[in-house]
Amino acid sequence: MKPFFGTEHDVIMLTCAGTGALEAAVVNTLSPGDEVLAVTMGSFGDRFAKIADVYGAKVTRLDVEWGHAPTPAAVRAAAAEITGLKAVLLTHNETSTGVTSDIPALAAAVRDAAPDALILVDAISALGAVPFAMDAWGLDLVVTGSQKAWMAAPGMAMAAVGPRAWAASETATMPRFYLDLKRHKDTAAAGETPWTPAVAVMYQVDEGLRLMQAEGAEAIFARHEACAAASRAGLAALGFELFADERYYSRTVTAAHVPDGLDWKSFNGTLKERGLVLAGGQGKLKGRIFRLGHLGSVTVEEILGALATLEAVSIEHGRPVEPGIAVAAAQRAALAAGGVFSMTVAGTPA
Ligand SMILES: Cc1ncc(COP(=O)(O)O)c(C=O)c1O
């Protein structure tokens with residue numbers, strides 16, 4: 001996994017959901033009372049902030065309007081205002097809104113304002129699907145989860161830990177046992193895990209990595225870019241207004257407004273009957289947006305199929321949609337984005 005994290009440092013395998021790895025990031029590096037800046041742009045950023053708060057950190061929030069991304073200037077200003085800032089929490093890809101933040105620019109802003117602050121990053125829902133460079137960007141701890149780009153079932157989370165985070169763990173006093181990263185590192189050196197691991201998921205992650213290595217990072221990134229472009233163009237052609245600030249569109253999930261007047265429950269019910277499962281909005285966006293995921297083993301061909309279903313159901317539900325319009329727009333967008341339509345491994349479909 002190290003090349004996908006862009007790190008030479010340790011990658012620790014944990015048996016837990018992604019949230020467990022967020023908790024590990026906090027409790028292994030911080031002590032109660034530590035000053036923490038939580039930059040949040042959605043419900044997963046809120047969760048990261050909440051974890052630090054629950055464990056007794058002194059959390060200052062920088063709340064960014066949902067659908068938008070934090071600016072380096074705002075992060076720099078917020079970090080500069082906190083005396084003795086110990087850590088900054090950042091979300092790479094906010095799955096609840098379909099926004100990807102500019103992590104290298106935000107990390108540089110933190111370093112500018114607070115050179116000693118740790119930078120802890122939730123990269124759960126895009127790492128492996130988009131370029132990432134933990135070491136070059138100066139990040140201290142980065143987490144992801146097995147069920148995302150790694151194409152496995154849920155049940156494992158991975159945390160890449162840099163030297164500054166390891167140093168912080170030596171003095172961090174937040175309580176930890178199951179998620180003690182040092183204990184994981186030490187047992188891994190002996191070829192073991194400290195507790196019973198999710199063995200089945202570990203095999204799946206291993207297989208996911210085999211497929212990813214065979215496909216190649218560049219092809220994976222291009223495929224995700226094409227899927228995202230196709231999704232955006234197809235949804236827009238169906239008359240759905242996209243939710244996120246276009247400068248920060250995610251390449252792994254696309255969010256769109258539920259239009260006024262559309263009976264979402266009934267519309268979504270028909271989609272489900274046809275086998276298309278879309279995610280709804282979370283938190284304050286519940287009932288206001290829906291989300292189309294395109295992360296992992298998803299291909300443009302599958303996105304075209306999903307859009308064809310959305311198109312047919314739209315027509316059935318009386319929306320003014322010209323047959324074929326979404327699929328055509330999506331195909332054009334995918335071609336313009338590089339034309340990677342399928343997932344190929346050494347020249348053959350995976
Ligand atoms: C950005 C982000 N952070 C955290 C999580 C939480 O991961 P889990 O549901 O595996 O605990 C998710 C899950 O979708 C996520 O997308």
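1. Let's begin at the ligand. The shell around the ligand is made up of three nonpolar, six polar and three charged residues. In this count Ala, Val, Leu, Ile, Met, Phe, Trp, Tyr, Cys and Pro are nonpolar, Asp, Glu, Lys and Arg are charged, and the others, Gly among them, are polar. Among the residues around the ligand are Ala17, Gly18, Phe44, Asp122, Ser125 and Gln147.

2. The model is predicted, with local features needing pLDDT of at least 70 and side-chain atom pairs counting only at pLDDT 80 or more, while totals for chains, interfaces and linings use all residues. Residues are numbered from 1 along each chain as its sequence is written, and side-chain values use heavy atoms, with hydrogens and water left out.

3. Gly18 uses a backbone N or O atom, 2.8 Å from an oxygen atom of the ligand. Asp122 brings a side-chain N or O atom to 2.6 Å from a nitrogen atom of the ligand. Gln147 has a polar side-chain atom 2.8 Å from a ligand oxygen atom. On its own the ligand has 390 Å² of accessible area, and the protein covers 87% of that. Such areas come from the Shrake-Rupley method with a 1.4 Å probe; for residues, only the protein chains shown count as cover.

4. The elements that give two or more residues to this shell are α2 (18-29) and α3 (43-54). Helices (H or I, at least four residues) and strands (E, at least two) are DSSP runs, numbered from the N terminus. Look along α2 and you will find Thr29. Thr29 is buried, with a relative accessible area of 1%; buried means under 20%, exposed over 50%, and partly exposed in between (1.4 Å probe, protein chains only). A polar atom of the Thr29 side chain lies 2.7 Å from the backbone oxygen of Ala25.

5. Is Glu94 buried or exposed? Glu94, in strand β5 (residues 93-94), is buried and has no salt bridge. A salt bridge is a side-chain nitrogen of Lys or Arg within 4 Å of a carboxyl oxygen of Asp or Glu. Lys and Arg count as positive and Asp and Glu as negative, while His and the chain ends are not counted. For Glu94, the nearest side chain of opposite charge is Arg291, 6.9 Å away. A polar atom of the Glu94 side chain does lie 3.3 Å from the backbone nitrogen of Phe44.

6. How many salt bridges does the structure hold? There are 13. One of them joins Arg61 and Asp46, with the closest N and O atoms 2.8 Å apart. Arg61 lies in strand β3 (residues 58-63) and Asp46 in helix α3, so the pair ties together parts that are 15 residues apart in sequence. Both are partly exposed, Arg61 at 39% relative accessible area and Asp46 at 24%.

7. Another salt bridge pairs Arg76 with Asp112, the closest N and O atoms being 2.9 Å apart. This pair links distant parts of the chain, with Arg76 in helix α4 (residues 72-80) and Asp112 in helix α5 (residues 103-113), 36 residues apart. Arg76 counts as partly exposed at 33% relative accessibility, whereas Asp112 is exposed at 53%.

8. Arg164 and Asp140 also meet through their side chains in a salt bridge, 2.8 Å from N to O. Here Arg164 sits in helix α6 (residues 163-171) and Asp140 in the loop between β7 (118-122) and β8 (141-145), 24 residues apart. Arg164 is partly exposed at 33%, while Asp140 is buried at 3%. Salt bridges that share partners also join Asp46, Arg61 and Asp63 into one network.

9. Finally, have a look at Met151, in the loop between β8 and β9 (157-161). Most residues other than glycine have a negative phi. Met151 is not a glycine, but has a positive phi of about 65°. With 22% relative accessibility, Met151 counts as partly exposed.

How values were computed
A residue is near a molecule or strand if one of its heavy atoms lies within 4 Å of it. A polar contact is a pair of N or O atoms within 3.5 Å; within protein, one must be able to donate a hydrogen and the other to accept it, and residues adjacent in sequence count only if both atoms are side-chain atoms.
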